[in-house]
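Trainee: I have a structure to go through today. Can we take it step by step?

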Amino acid sequence: MKLLEYEAKNIFENYGIRVPEGVVINNPDEMMIHLPGLGPDVVLKAQIDVGGRGKAGGILMSDAANAPNTARELFSRTIKGVPVAKILVEERLPIEHEYYLSITLDRSSKQIMILFAETGGVEIEETAQKDPEAVRRAIVNPLLADVPQFLLRSLTGSAPKEISTVINQLYHVLVEKDALLAEINPLVTTKQGVYAADAKLILDDNALGRQGITVNRDLTEREKEAELHGFSYVELAGSIGVIGNGAGLTMATLDLIGQLGGHAANFLDVGGGAGRERVCRAVRLVAGMPGVSVIVVNLLGGITRCDEVARGIVDAGVDQQVIVRLAGTNETEGKRILEEKGYLMLDTMEEAVQAAVEATE
Ligand code: GDP
Ligand code: MN
């Protein structure tokens, strides 16, 4: 789950990293209340989950007198299609230099990777492309309580010493918050010291419970419902809805759709022993995603009884065509129920997927 800048800054601050004075406002009127505390120059920053906000017009500088108008202007914008509902208003820092600092979980080495560059800011991607050497990297064993001094020295080079402290603090954030990414770009120096002028934090979705977060707000309504009912459910971009039981069969169904030139819209694994109600819920959930024009149900009856599955599909009564392949326990009865209601039930997975792909052509 991605945190917004102001949420990440709150956490960074708890770990001792300095952040600019600031307040979050939800409308231009709130600007007036907070202005006195913020000094003569401010920065207004749209709180949206969009990369390259600055370049896309999501960050505006203003003096205090014009701040309400500037806030009104920023609230009226949509940045890369995302409307601005919250603005972080901060004191404007007199920046001397911008650095880049990013800490991630490195999947290949299964360790923590720290990236640091002496020239940070909005051009970091171009810098990294033109001059890969400009971005220094260090790999840290996650069992270490702190980033070793020799690594900090090799990362920071001639940068001020306080930068090393921030790297270590951000390392603690990553480890203790179960984050996949913790980034400060730019990390800036001013006469008053080192500040995180921007903040990014992505938490590991699998660790949200441990972090005391009950709702993953990055999920769609359907993904949240699926989670609630214990379905494995993923959304893609095609038009065929897929329901299977067991991860293997479900993935095989997806592969076959791809091989036959089709595109899955989503897929749902109902798990083992799914009864009538569970199947009904699953079909409605998959059908509820915009863009799903046909649904293929591929289930193997073991503990799962085919007649129960058939009744669940009929109960769901969705608008889209549902093509079914059912095999196993009580197969004949399942087939009778479905065919009586006019559903297409095919004997093999190849035939069922073929029919679904043809229906979307
Ligand atoms: P991003 O585009 O979403 O990464 O937004 P950032 O928060 O990183 O801001 C983009 C750029 O705006 C920074 O690289 C700075 O150059 C500038 N900026 C942001 N905050 C301040 C500030 O307090 N003072 C000054 N002078 N510039 C700032
Ligand atoms: Mn930034």
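Trainee: Is Asn-185 buried or exposed?

Mentor: Keep in mind that this model is predicted. The relative accessibility of Asn-185 is 11%. Buried means under 20%, so Asn-185 counts as buried.

Trainee: Which protein donors does the manganese ion (ligand 2) have?

Mentor: Look 2.2 Å from the ion. One donor there is an O atom, and the other is an OD atom. They belong to Asn-185 and Asp-198.

Trainee: How many residues apart are Asn-185 and Asp-198?

Mentor: Place each one first. Asn-185 is in strand β11, residues 179–190. Asp-198 is in the loop between β12 (193–196) and β13 (200–203). The pair links distant parts of the chain, and the separation is 13 residues.

Trainee: Where does ligand 1 sit, and which strands each supply at least two residues of the shell around it?

Mentor: Ligand 1 sits in the largest pocket. Its shell has 17 residues, with Lys-45, Arg-53, Gly-54, Leu-93 and Glu-98 the closest. The strands that each supply at least two are β3 (41–46), β4 (59–63) and β11.

Trainee: What lies 2.7 Å from an oxygen atom of ligand 1?

Mentor: Look to the backbone. The atom is an N or O. It belongs to Gly-54.

Trainee: Which polar side-chain atom lies 3.0 Å from an oxygen atom of ligand 1, and how much of the ligand does the protein cover?

Mentor: The side-chain atom is from Asp-198. On its own, ligand 1 has 570 Å² of accessible area. The protein covers 83%.

Conventions:
Residues are numbered from 1 along each chain as its sequence is written. Chains are lettered from A and ligands numbered from 1 in the order in which they are written. This is a predicted model: local features need pLDDT of at least 70, side-chain atom pairs count only at pLDDT 80 or more; totals for chains, interfaces and linings use all residues. Side-chain values use heavy atoms; hydrogens and water are left out. Donors are N, O and S atoms within 2.8 Å of the metal (3.2 Å for Na, K and Ca); water is not among the atoms, so sites may look incomplete. Helices (H or I, at least four residues) and strands (E, at least two) are DSSP runs, numbered from the N terminus. Buried means under 20% relative accessible area, exposed over 50%, partly exposed in between (1.4 Å probe, protein chains only). A residue is near a molecule or strand if one of its heavy atoms lies within 4 Å of it. A polar contact is a pair of N or O atoms within 3.5 Å; within protein, one must be able to donate a hydrogen and the other to accept it, and residues adjacent in sequence count only if both atoms are side-chain atoms. Accessible areas come from the Shrake-Rupley method with a 1.4 Å probe; for residues, only the protein chains shown count as cover. On a 1 Å grid over the protein atoms alone, a cavity is a set of points where a 1.4 Å probe fits but cannot get out, and a pocket is an open set with protein on both sides within 12 Å along at least five of seven lines; lining residues have an atom within 4 Å of a point. A molecule sits in a cavity or pocket if more than half of its atoms lie within 2 Å of its grid points.
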